[in-house]
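Let me put the sequence and the model up on the screen, and then I'll talk you through it.

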Amino acid sequence: MNTMSDTSPNTNTHRQRHQAAAAAPVATADTASAGSIDAASRKAFGSTALYLQSELEATGSDLQLLEKLNDASIAKYEGLSRQAQDMLVHAYKVKQTYNEMETQVAEVDSLVESINSLEQVAMELDRYSLQLEAKFQKLLK
């Protein structure tokens, strides 16, 4: 792309050189060739500068996008970190509650064993009392 307008001082100087070269009968081909090389160089440098500026702007845009993505990632991972910490606290509380309940569960298990033992004794007493009643009934007859 040509970044210089046709009315720029460099273009006017270039035109003036061409006009001077055409007006002077003694001008050599070397002077005209140097003028066209100068113009081509300026155009090439202008195009290169425009290209580099566009590349730098694109790179800047990429860096801004990466910065936004990094900020979003940081926010997301901070949220996940808070959730993980909350879960750890909750898990600790659940474990603590379980440990507290474990002694109570052990007591309940012990009570269940005692009740089962009492039931066995009660059943044996029932059988024994039935036997005694049967013997008593025999004696009464």
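This is a predicted model: local features need pLDDT of at least 70, side-chain atom pairs count only at pLDDT 80 or more; totals for chains, interfaces and linings use all residues.

Numbering runs from 1 along each chain as its sequence is written, and side-chain values use heavy atoms, leaving out hydrogens and water.

Of the 141 residues, 4% are buried, meaning under 20% relative accessible area, with exposed over 50% and partly exposed in between (1.4 Å probe, protein chains only). The chain exposes about 12500 Å², with carbon and sulfur atoms supplying 60% of it; areas are Shrake-Rupley with a 1.4 Å probe, and for residues only the protein chains shown count as cover.

How confident is the predictor? Mean pLDDT (confidence in each residue, from 0 to 100) is 84, and 77% of residues reach 70 or more. Residues 1–12 fall below 50, yet that stretch has 12 contacts beyond near neighbours in sequence, a contact being heavy atoms within 4.5 Å. Residues 21–27 also stay under 50, with 1 contact beyond four places in sequence.

Now the charged pair. The count comes to 1 salt bridge, that is, a side-chain nitrogen of Lys or Arg within 4 Å of a carboxyl oxygen of Asp or Glu. Arg42 pairs with Asp38, closest N and O atoms 3.4 Å apart. Both sit in helix H2 (residues 29–140), 4 residues apart, about one turn. Arg42 is partly exposed at 35%, and Asp38 is partly exposed at 24%.

Last, Leu63, Leu65, Leu66 and Leu69 make a nonpolar surface patch of about 400 Å². Patch residues have over 30% relative accessible area and no salt bridge; like charges are joined within 9 Å, nonpolar side chains (Val, Leu, Ile, Met, Phe, Trp, Tyr) within 5 Å. Leu69 lies in helix H2 and is partly exposed at 47%.

Notes: Helices (H or I, at least four residues) and strands (E, at least two) are DSSP runs, numbered from the N terminus. pLDDT is the predictor's confidence in each residue, from 0 to 100.
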